[in-house]
Amino acid sequence: MKSNKIFPFVLITFLCVLQGCSVTQHVGQAYTMTQCKYQYDSISQLTLAGINLSKGVSPAAVPKIMALLGGNNSSLPLSLTVNLGVTNPNNNPAALSGLDYILQIDHVEFTRGALNQPLNIAANSTGFLPLAISFDLATLLSGDSKNAVENIVKNFIGVGNEKSNVTLQIKPSLRVGNKTIPAPQYIPVSFSFGGGK
């Protein structure tokens, strides 16, 4: 009779230990993600106000795009995918279930947001993180940000004379049960492009 009362307690304790190990493993994978090396790879799926810029721009389209920037448009939607290479140099796998990001170009904050997309990188291997970003350029075509906006668009269409300096700050997070566990701080990924290159 006594052993029958002890068995449920032992079973509950065993299950709690198992769940704790699982949570610890998930947290460990999230921590490993913060120890990965992030590097800019490419930009793809680039569109501005419905114009596809991913495959280059014809010389005839350049004046039209520049006119969009100089006009009084109430909306200029820009969308792009920033492809990051993620290298896990550790002996443990790395994982995230989402991330927060801040996009800065030439020291101007263009947008911030969140991505709910899982990523798993095996130990000592490399994977890719496609980060889809959308925002409205019209909100930035005034004040100090106007020059940065014009410069980045010129570089997107291949007519820029000055490099655009981009910093993408990312904060990976992992969902464990009903809780989201974020990394303690943002990880910066910086790169430059354009400027006649």
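A cavity here is a set of points, on a 1 Å grid over the protein atoms alone, where a 1.4 Å probe fits but cannot get out.

Some ground rules. The model is predicted, with local features needing pLDDT of at least 70 and side-chain atom pairs counting only at pLDDT 80 or more, while totals for chains, interfaces and linings use all residues. Residues are numbered from 1 along each chain as its sequence is written, and side-chain values use heavy atoms, with hydrogens and water left out.

Back to the cavity. Lining residues have an atom within 4 Å of a point. The largest cavity has 13 of them, and Ile43, Leu80, Leu103, Ile105 and Phe156 lie nearest its centre. Two or more lining residues come from each of β3 (77–88), β5 (98–105), α3 (145–157) and β11 (187–194). Helices (H or I, at least four residues) and strands (E, at least two) are DSSP runs, numbered from the N terminus. Strand β3 gives the largest share of the lining, three residues.

What classes of residue make up the lining of the largest cavity? There are 13 nonpolar, no polar and no charged residues. Nonpolar means Ala, Val, Leu, Ile, Met, Phe, Trp, Tyr, Cys and Pro; charged means Asp, Glu, Lys and Arg; the others, Gly among them, count as polar.

Next, the strands. Strands of a sheet pair through backbone hydrogen bonds, either parallel or antiparallel. Two strands are called paired if DSSP finds at least two bridges between them. Four strands form an open sheet in the order β2-β1-β3-β8, with antiparallel pairing. The edges are β2 (51–52) and β8 (125–136), each with a single partner strand, so one side of each has no neighbour in the sheet. Strand β1 (residues 37–48) is joined to β2 by two bridges, and Thr47 stands opposite Asn52 in β2.

Also in β2 is Ile51. Not counting residues up to four places away in sequence, Ile51 touches Leu46, Lys64, Ile65 and Leu68, where contact means heavy atoms within 4.5 Å.

Strand β9 (residues 163–176) pairs with β5 in the antiparallel sense over eight bridges, and Tyr101 has Ile170 in β9 as its bridge partner. Between β9 and β11 there are eight bridges, again antiparallel; here Val166 is partnered by Phe191 in β11. Strand β10 (residues 179–182) runs antiparallel to β9, joined by four bridges, with Pro182 as the partner of Ser173. The hairpin of β9 and β10 has two residues between the strands, and Gly177 takes a positive phi near 65°.

Leaving aside neighbours within four places in sequence, Thr34 is in contact with Ala183 and Ile187.

Last, confidence. The chain averages a pLDDT of 82, and 84% of the residues score at least 70; pLDDT is the predictor's confidence in each residue, from 0 to 100. Over residues 1–21 the pLDDT is below 50, and this stretch has zero contacts in the model beyond near neighbours in sequence.

Definitions and conventions:
1 Å grid on protein atoms, 1.4 Å probe; cavity = no way out; pocket = protein on both sides within 12 Å on 5 of 7 lines; lining within 4 Å.
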